[in-house]
Amino acid sequence: MSGRDGSIQQEKRMQQIINFILRNKTTLLYLFLLTLGMAMSIKSHSYHQSRFLNSANWLSGSIYKTQSDITGYFGLREENDRLVEENTRLKKLLYNSADLTVAGAATDSFPYQVIPARIIKNSYALRNNYITLNKGTTNGVKQDMGVVTSMGVLGIVEYTTDRFSAVQSLLNTRSNINAKIKNTNNFGSLTWNTDRYDVVQLEDIPRIVPLNIGDTIVTGAMSSIFPENIPIGTIQRIDLENSDSFYEIDVALFNDMTNLKNVYIISNRNSEEIRLLEEKINDDQ
Amino acid sequence: MTNNLYLQNGLRFLLLVLAQVLIFNRLNFLGFINPMVYILFLYWYPIKQRRSVFIIICFILGLAIDVFSDTLAFHAVACATMAFFRPTIMRFVFGVNYEFQSFKLSNTTRAQQIAFLTFLILGHHTIFFLLEIFSLSHLLLLLKKIVFTGLGTLVLGILMITLFSAEKE
């Protein structure tokens, strides 16, 4: 008798729960979606983004590529001028180098290889900006390759699909690139404080280093991503309080981040080996 | 009639996403103002439809924008939240009239329509930029972004509403 009472009571309770869910189903649905969205946002605040939520997927990649194919014709002349200028500079370097035979040398054996690519989507108004390129794994692009333009450093490849890749721009709060003062070995790390899209920050330069406004900042040798001495920008402002042991430096970028089209992806043959070596050191510790 | 409704909203969805990612995300007016006009979907979506479906559609709409602009799920959260609170905002702006079966957005006054849109934009932008900046230590930056981007969205939104409602009359 009491068993049946219990089951009836249980049924009633179930009924109440179901009623509650039915009554508040919109709220519950909203809370569910909210949690889902927050999970996607917060989980991805860690180093690598979740796989599908980036513009390098085939759908947005194709749409951006179509747009870029159409609008690419505007500004062709400007882009041509820029490339000719770069070619001129490279030719000058080549003709003034001691060994002219490098022109005909087989470049495949060099440690650094270069893949040309075109930007199909750029952004610089957010805090974490990504750039989408029209080259992907089928063209040999891999994660953690460096991306530069004829003017200087642009970012690091973060995600690749078959035909596209997403690049973490210098203008990204998660960006951290090894940089140094030109012609010295004083290096620091390049970050962005999100204030201006043409200025980034150089940190961890000790105060004993003599600095001048206008000094050139280039990539350092501490990274296996970029070759050494790729230009980044010039020092625009130096801040040093009496109590500080490190400078706060604003660097004006050589690149106009708002107007970019052709880029080069740099792959380092030795990067894998360097990475394994560094992992070994970390394991030993 | 129902088919027409699906078609109209589906088409609106697609066109707004494309307009947002291909045109408005590239505006960068004054360096940072990218109006989020896709929020007009929430303004135009029919009132008497099922709420749960509306919230899900808005979440997907936001997610679609997110995928294109590399913003994780910020748009999705902001959009779903505004979809959830839309009836509250409408009741606040339009008063008791909103409850009637015969209520139509086109029958309300201009001021009411603009107020409705302003509340949608304000709520949406606040949530979006809170998530994007993810800290209250940049309060000034947050306010700057909300106010100026909001104004941009509002101006373009009113223009688009005027432009696309004229043909219905």
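**A chat about chain B**

Visitor: Hi! What share of chain B counts as buried?
Guide: Hello! Of the 169 residues in chain B, 38% count as buried. Keep in mind that this is a predicted model.

Visitor: Okay. How many helices and strands are there in chain B?
Guide: Chain B has six helices and zero strands. Reading from the N terminus, the order of elements is α-α-α-α-α-α.

Visitor: What does the C-alpha trace span, then?
Guide: Along its principal axes, the trace of chain B spans about 45 × 30 × 30 Å.

Visitor: What about contacts inside chain B: how many join residues at least 24 apart?
Guide: Take the contacts between residues at least 6 apart in sequence: 61% of them join residues at least 24 apart.

Visitor: New topic! How many residues of chain B are in contact with chain A?
Guide: On the chain B side there are 26 residues, in contact with 25 residues of chain A.

Visitor: Which elements of chain B give two or more of those?
Guide: They are α3 (51-69), α4 (74-94) and α5 (110-133) of chain B. The one that gives the most is α3(B), with eight residues.

Visitor: Nice. What classes of residue does that side have?
Guide: The side of chain B that touches chain A has 15 nonpolar residues, seven polar ones and four charged ones.

Conventions. Residues numbered from 1 in each chain as written. Chains lettered and ligands numbered in written order. Predicted model: local features only at pLDDT ≥ 70, side-chain atom pairs only at ≥ 80, totals over all residues. Contact = placed C-beta atoms within 7 Å. Helix = DSSP H or I, 4+ residues; strand = E, 2+ residues; numbered from the N terminus. Nonpolar A, V, L, I, M, F, W, Y, C, P; charged D, E, K, R; others polar. Buried ≥ 20, exposed ≤ 12 C-beta atoms within 10 Å, placed from the backbone.
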